[in-house]
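User: I would like a close look at one part of this model, followed by an account of how that part sits in its wider setting. Please take it step by step.

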Amino acid sequence: MNHLLKVPVLAQRAFSISARQLKNKVPDAQKIFQEANGLPVHIKGGVRDVLMYRATMALTIGGTFYSIYWLVYCAFPHSKA
Amino acid sequence: MAHQAHAYHMVDPSPWPLTGAIAALLMTSGLAVWFHQHSMILMAIGTVLMLLTMYQWWRDIVREGTFQGHHTPPVQKGLRYGMILFITSEVFFFLGFFWAFYHASLAPTPELGGCWPPTGIFTLDPLEVPLLNTAVLLASGVTVTWAHHSMMGGDRKQAIQSLTMTIVLGFYFTVLQAMEYVDAPFTIGDGVYGATFFVATGFHGLHVMIGSIFLAVCLLRQIKHHFTSGHHFGFEAAAWYWHFVDVVWLFLYVSIYWWGS
C-alpha cells in the first residue's frame with residue numbers, strides 16, 4: 001500500500017515532461033472545422049470520418065434487416081427435430 | 001457566407017440519433033434472440049453500433065464547441081440544464097433501488113427469519129474494505145475539485161496531475177469492489193438481501209466506471225489544450241457526475257453496509 005504514495009510524485013515527473021512537449025493543435029483543428037465547404041460536422045474531418053460514418057450506417061441498415069429476419073423466424077413455429 | 005443573428009446553436013443534420021435508436025433496437029431484440037435462439041450476433045452488432053454512435057456523437061459535440069465556437073453562453077446554459085436534468089433522472093433511478101432495500105429491510109418477512117440481516121446471511125464488515133472505499137471516493141472528490149481550481153487558475157500541470165489522480169482513485173475503487181464481489185460470502189441469488197445488495201452496488205459500480213471514462217476523456221482533452229480557464233464545461237459536467245457517484249456511494253454505505261449489517 002505504501003508504494004501508492006509514490007503515485008503523485010511519479011505523475012508529476014511523467015506529466016511535467018509530456019505536458020510541455022504537446023503542442024497546442026486546437027487552432028489547426030479550428031481552421032479545418034470552420035472552413036466554408038458546406039460539409040456537416042460529422043464528416044467535416046476528412047476521409048476517416050466518411051469511412052466511420054459508412055461503417056456505422058452499414059451496421060445500422062444491415063442490423064435492422066437482421067433483426068427483422070429474427071422477428072419473422074420467431075413468429076413461426078419450428079419443430080424440434 | 002451566411003451568419004446567424006442570434007447566439008443559439010442550429011445543429012447540422014446528424015445521423016447519430018437514428019443510429020443510436022437502431023442500436024437500442026438491436027441490443028434489446030438481440031437480448032431476446034440470445035435468450036430464445038442462443039445467438040449473440042444481433043446483440044453484439046447492437047453493442048458495437050451503440051459504441052460507434054457514442055464515440056461519433058460526442059466527437060461532433062467537441063468539434064461544435066471547441067473547434068467551431070458554437071457553445072456561446074446561452075448554449076452553455078442549456079447544456080448545464082441538460083446535465084443537471086440527466087443527473088436528476090439518475091438520482092430517481094437509484095431511489096427505486098433504495099426503496100426496494102428499505103421495503104425489504106424495515107419490515108423483514110418471516111421467510112427471512114423476521115430479522116435484518118436475514119438468517120444465514122453473513123454481511124461484510126463495514127469497517128473493512130467498504131470503509132476504505134468510502135475514503136477513496138471522498139479523496140477523489142477532493143482531487144477532482146483540486147483539478148477544477150487548477151483549471152480555473154490556468155495551472156495546466158496541476159490540472160493534469162489532479163485529474164489523473166482522480167481517475168486512479170476511481171480505478172482503485174473499482175478494483176477493490178471487484179475483489180469484494182469475488183470474496184463475498186453471499187450471492188445475488190441469496191434472497192432479497194443478495195438481490196438488493198448486488199443490484200444497488202452493481203449499478204453504482206457501473207456508474208463509477210462510466211464516470212471514470214468521462215473523466216479520462218476530459219484528461220485527454222485537457223492535455224490537448226481543449227479547455228480554457230474560463231470555459232471547460234465538459235470537465236464541469238464530468239465533475240458533477242463524479243460527485244453524484246460519490247454521494248450515491250455514501251448513501252449505499254450508510255444504508256446497506258452500515259445500518260443493514
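Into which domains is chain B divided, and what lies between them?

Analyst: The model is a predicted one, and in it chain B is divided into domain 1, covering residues 1–70, and domain 2, covering residues 72–256. The C-alpha centres of domain 1 of chain B and domain 2 of chain B are 25 Å apart, and the contact between them involves eight residues of domain 1 of chain B and five residues of domain 2 of chain B. About 560 Å² is buried between domain 1 of chain B and domain 2 of chain B, with carbon and sulfur atoms giving 66% of that area. On the side of domain 1 of chain B, the residues that lose the most area to domain 2 of chain B are Ala7(B), Val62(B) and Thr66(B), which together account for 52% of what that side buries.

As for specific pairings, zero salt bridges are counted between domain 1 of chain B and domain 2 of chain B, while three residue pairs are counted in polar contact, both residues being at pLDDT 80 or more. The side of domain 1 of chain B that touches domain 2 of chain B has, by class, four nonpolar residues, four polar residues and no charged residues.

Two salt bridges are found across the interface of chain A and chain B; one of them joins Arg63(B) to Asp49(A), whose closest N and O atoms are 2.6 Å apart. Nine residue pairs in polar contact are also found across the interface of chain A and chain B, with both residues at pLDDT 80 or more.

In the model, the span of residues 55–76 of chain A is 95% helix and 0% strand, and its end C-alpha atoms lie 32 Å apart.

Methods
Residues numbered from 1 in each chain as written. Chains lettered and ligands numbered in written order. Predicted model: local features only at pLDDT ≥ 70, side-chain atom pairs only at ≥ 80, totals over all residues. Heavy atoms only, no water. Domains from an automatic or database assignment. Contact = heavy atoms within 4.5 Å. Buried area = accessible area lost by both parts, 1.4 Å probe. Salt bridge = Lys/Arg side-chain N within 4 Å of Asp/Glu carboxyl O. Polar contact = N/O pair within 3.5 Å; in protein donor to acceptor, adjacent residues only side chain to side chain. Nonpolar A, V, L, I, M, F, W, Y, C, P; charged D, E, K, R; others polar. Helix = DSSP H or I, 4+ residues; strand = E, 2+ residues; numbered from the N terminus.
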